[in-house]
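Here is a walk through one protein structure. Start with the sequence and the model below.

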2 protein chains.
Amino acid sequence: MTEYNIALVGFGGVNRALAQLIAERNQAWKKQLGFSLKIVGISDLFLGSIVASQGLDAGLLSKLPATKGALAQLPGGQVEALNEQVIKDSGADIIAEATFTNPVDGEPASTFCRWALEQGKHVVTTNKGPIALHSAELKALAQRNLAAFEYEGAVMSGTPVIRMAKQSLAGSGLLGFEGILNGTSNFVLTRMEAGLGFAEAVAEAQALGYAEADPSADVEGFDVRLKVVILANELLDAQLTVSDVSCRGISGLTVKDLEQARAEGARWKLIGSAQRLADGSLQASVEPRLLPLAHPLAGIGGAINAVSFNTELLGAVTVSGPGAGRIETAFALLSDIIHIHQSRLAR
Amino acid sequence: MTEYNIALVGFGGVNRALAQLIAERNQAWKKQLGFSLKIVGISDLFLGSIVASQGLDAGLLSKLPATKGALAQLPGGQVEALNEQVIKDSGADIIAEATFTNPVDGEPASTFCRWALEQGKHVVTTNKGPIALHSAELKALAQRNLAAFEYEGAVMSGTPVIRMAKQSLAGSGLLGFEGILNGTSNFVLTRMEAGLGFAEAVAEAQALGYAEADPSADVEGFDVRLKVVILANELLDAQLTVSDVSCRGISGLTVKDLEQARAEGARWKLIGSAQRLADGSLQASVEPRLLPLAHPLAGIGGAINAVSFNTELLGAVTVSGPGAGRIETAFALLSDIIHIHQSRLAR
């Protein structure tokens, strides 16, 4: 039985949910998965930091008050977020990076990943920034240092997408994908189909906690665009940057458009897609598309996400599931760790 | 680079499609997958048999006339199906078993699997019979002989279901599943929603080659029941036999039932399901269910199949794709071989 030392960088909803899972399930994982996790460090811009090579109580951590510098209240804790120390000097085998997504330069998360990988520590992350902007560099760095770099949660939280395509669909001849990759915009469209205006539907999404105060990343397609870049680069061997992907959101759609679509037996959906064309080039876009009801993505309603893979041998294979959520995204980190564990066993 | 010797037992649509894939893609697989396949034997009740340790021309084989004893026309071929010789003495590393499904005792396929596994040869199969009826025995036999026994194609052809649940959803806490696991009956329901009567819709399915002359295995749920047994035993650690699963098909549904469902914002679907209950017991059934349109399986139309996994950490995760087809099912065999290759590398 293996015990991995893990350090949690960013202690918001996702890594806190991971701590909760560790508290509740570590014993069961020993038997089911063949490993357990010991939290040896945490850092968070707001909460401070702590290093504890003997291990921290995951149950206590998951209930830590969300107050400025709260980690300083624990023995050995600090008000400051000593990120570099937590990453490099906590004795962690694995760094779980779950800080905020910075779509401009991926910082500071990209630096956190570099610090870990340079030292041969495995990185699991749910952060779209480092992956969309620097995945080639970070993957090469990981490889040079014999470390794993896994990020299933960067797209559709814990719903298996990257690993499903790379493992289960290996050999099927992946030609491209279409996805509903943002739950907020899909929720807004679903509510508009029920008659709400765009602004009204966005307000409801905000009230339910689906949408940010500034909803533009969701409804204008910028969030989907990052995910299209991630999936195209990972699965279609592309080298896209964000500016290679044309992007139009749903703010131009009206209730009338959606009503007319319904009358025609179709639905508007915000689709992120990439296809390998016959000449070998890659076409990638984010845009509202009018889907016939028989399309595998037409039935995806509410905050659910889905990706439909277009394959040579199977035609369309579609996976749908949650696209967000604390526990759901923490599961993505767990699934990355399971993959690392199995790959290491394989050596 | 590895070359696996493979023997094809049963040379109907599926193994013939595998031969076609080998003819078209073996060179590409060397680079993409790290292995190639050499066909060293074939046996088929109707076509005869052949053993050829130097390897057979996959392209020629995929075009073999479908005439009685056709394999005897090749050098060294026989009119008789010398199954045991092909399995045991062809020098095959892997046996691809794709004979007909016998839902009563799984024969002769189960015997073919036993012959192979006893000699430490890996078995890949798309045959529901041996898996639904004898999987525990055959898995134990495989383990004792350090052989792999893989059968992704027994459910939903090449659409990843078994391996998706076991690999990608490991650790998610699988509680149960609901599936549309028979394309013929789903096609019949979809056509009945368009106004066709049951008999008319079945006749159309027969004309399109979806349904057998005797459609009862499809429309009465017996085919789905085998798949429920396979998935429950494989994924929920059950020891179900066929008689443990209550079974009711769609022949009792009328066009009026389907119209009324539509008026109520719902759809009738033939659902195979198994759930682990709170007391640890397992409930499994095949029956028509009235699904609200928001249900992840409600939108699955035509001959498409889908499984929705119910998990503790992610809620519902659903995969949909083809449930049948020559090439699609041959891909299942390929995906089993990829898995064997990667697991062997892992040793």
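Which residues of chain A does UniProt list for "domain: Homoserine dehydrogenase catalytic"? The unreviewed entry gives residues 160-338 of chain A. UniProt positions follow the numbering used here, feature names are shortened, and annotations may be inferred rather than shown by experiment.

This is a predicted model, where local features need pLDDT of at least 70, side-chain atom pairs count only at pLDDT 80 or more, and totals for chains, interfaces and linings use all residues. Residues are numbered from 1 along each chain as its sequence is written, chains are lettered from A and ligands numbered from 1 in the order in which they are written, and side-chain values use heavy atoms, without hydrogens and water.

Over residues 160-338, chain A is 38% helix and 26% strand. The end C-alpha atoms of this stretch are 13 Å apart. Helices (H or I, at least four residues) and strands (E, at least two) are DSSP runs, numbered from the N terminus.

Now turn to A:Glu212. UniProt, in an unreviewed entry, places a "binding site" feature here. A:Glu212 sits in the loop between helix 8 (198-207) and helix 9 (216-219) of chain A. Its relative accessibility is 55%, so A:Glu212 counts as exposed (over 50%; buried is under 20%, partly exposed in between, with a 1.4 Å probe and protein chains only). Neighbours within four places in sequence aside, A:Glu212 is in contact with A:Gln206 and A:Asp218 (heavy atoms within 4.5 Å).
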